[in-house]
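I record what I looked up, entry by entry.

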Number of protein chains: 2
Amino acid sequence: MRKHLGPDSACSVARSLDLLGDKWMLLIVREALVSGTTRFSDFKEALGIAPNILANRLDTLVEEGLMERHSYRERGARERSEYALTEAGKALNVVIAGLATWGRAKRPREGGNSPAFTVGATGEIAELAFVTADGRRVSPECLVSTRVPDVPE
Amino acid sequence: MRKHLGPDSACSVARSLDLLGDKWMLLIVREALVSGTTRFSDFKEALGIAPNILANRLDTLVEEGLMERHSYRERGARERSEYALTEAGKALNVVIAGLATWGRAKRPREGGNSPAFTVGATGEIAELAFVTADGRRVSPECLVSTRVPDVPE
């Protein structure tokens, strides 16, 4: 998965994709984030993913600090692991919401559904949107692209 | 790339990732969107991607309606193709901006830079943010996840 990014490693999108540019990574994150899945067997069932691929991706998510592994033991069973998103993993909600926004608009499907995010305290829906510094919401079609340094000088 | 999604095809994130869950797809889109790249040789050079993989991914982007292929001919040279994002391709700015937001925050790098989006008419920076229906910006850490139908009933 990880390639030599070369000069492209300066780009934050390339660095994100070097880690996340494999659909299983983001599907596992979605499953944890939206469905609250924590157990290996539940990820396997929900995603229809081969066990060896799932184990590999969960290891990477733990190594990269996006998930934490905890042990648990059910009565009479052997010890097992469960997985919880870290703060860095939960922060991927902006990527998951972006994919949901695009998929809903450009790959609609009857009977489909999307992850959505609500404000914990009030239950209001929070949509992903482009906004200016003074808080105006801007239509994505009005935007042009540029590049900015990661840390403003 | 495309797998049998099964029941997961109901999810807009899964449908997006089934197409985009390969880092080259989104790096090509980023390159077209942020750097304005249109030509095969320019994509190849900017991304350090193997020509056969690039040709395959560009074909998929055209087939899926995210790019359009046009012919051009420079004086004395053979006819070549160039590639332009369609409206559906440009709408991926929300995904690219999401990846930039996460990469900048969670995979910072000295001297790094990010795609950013500005309002074409005014030049103001437009940031990707979660906002409520009444226009309040909400911190991503305050959000909880749920699922909503793609088309509200």
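At what angle do α1(A) and α6(B) pack, and how far apart are their axes? I find an angle of about 90° and axes 7 Å apart. The axes are lines fitted to C-alpha atoms, for helices over the stretch in contact, with angles from 0 to 180 degrees between N-to-C directions. α1(A) and α6(B) are therefore roughly perpendicular to each other (65 to 115 degrees; under 35 is roughly parallel, over 145 roughly antiparallel, the rest oblique).

Conventions. I note that the model is predicted, with pLDDT of at least 70 needed for local features and 80 or more for side-chain atom pairs, while totals for chains, interfaces and linings use all residues. Residues are numbered from 1 along each chain as its sequence is written, chains are lettered from A in the order in which they are written, and side-chain values use heavy atoms, without hydrogens and water. Helices are DSSP runs (H or I, at least four residues), numbered from the N terminus.

Contact of α1(A) with α6(B). I took contact as heavy atoms within 4.5 Å. From α1(A), Ser12(A), Val13(A), Arg15(A), Ser16(A), Leu17(A), Leu19(A) and Leu20(A) take part, and they meet Ile96(B), Leu99(B), Ala100(B), Trp102(B), Gly103(B) and Arg104(B) of α6(B). By class I record eight nonpolar, three polar and two charged residues (Ala, Val, Leu, Ile, Met, Phe, Trp, Tyr, Cys and Pro are nonpolar; Asp, Glu, Lys and Arg charged; the others, Gly among them, polar).

Contact of α1(A) with α2(B). Helix α1 (residues 12-20) of chain A packs on helix α2 (residues 23-35) of chain B at about 170°, their axes 10 Å apart. That makes the pair roughly antiparallel. Val13(A), Ala14(A), Leu17(A) and Asp18(A) face Lys23(B), Leu26(B), Leu27(B) and Arg30(B) in this contact. I record five nonpolar, no polar and three charged residues here.

Symmetry. I superposed the copies by least squares on C-alpha atoms of residues with pLDDT of at least 70 in both. A rotation of 180° with 0.0 Å of shift along its axis brings chain B onto chain A, at an RMSD of 0.0 Å. The two copies are thus related as by a two-fold rotation axis. Of the interface residues of chain B, 100% are also interface residues in chain A, so the copies meet through the same surface.

Terms used:
Helix = DSSP H or I, 4+ residues; strand = E, 2+ residues; numbered from the N terminus.
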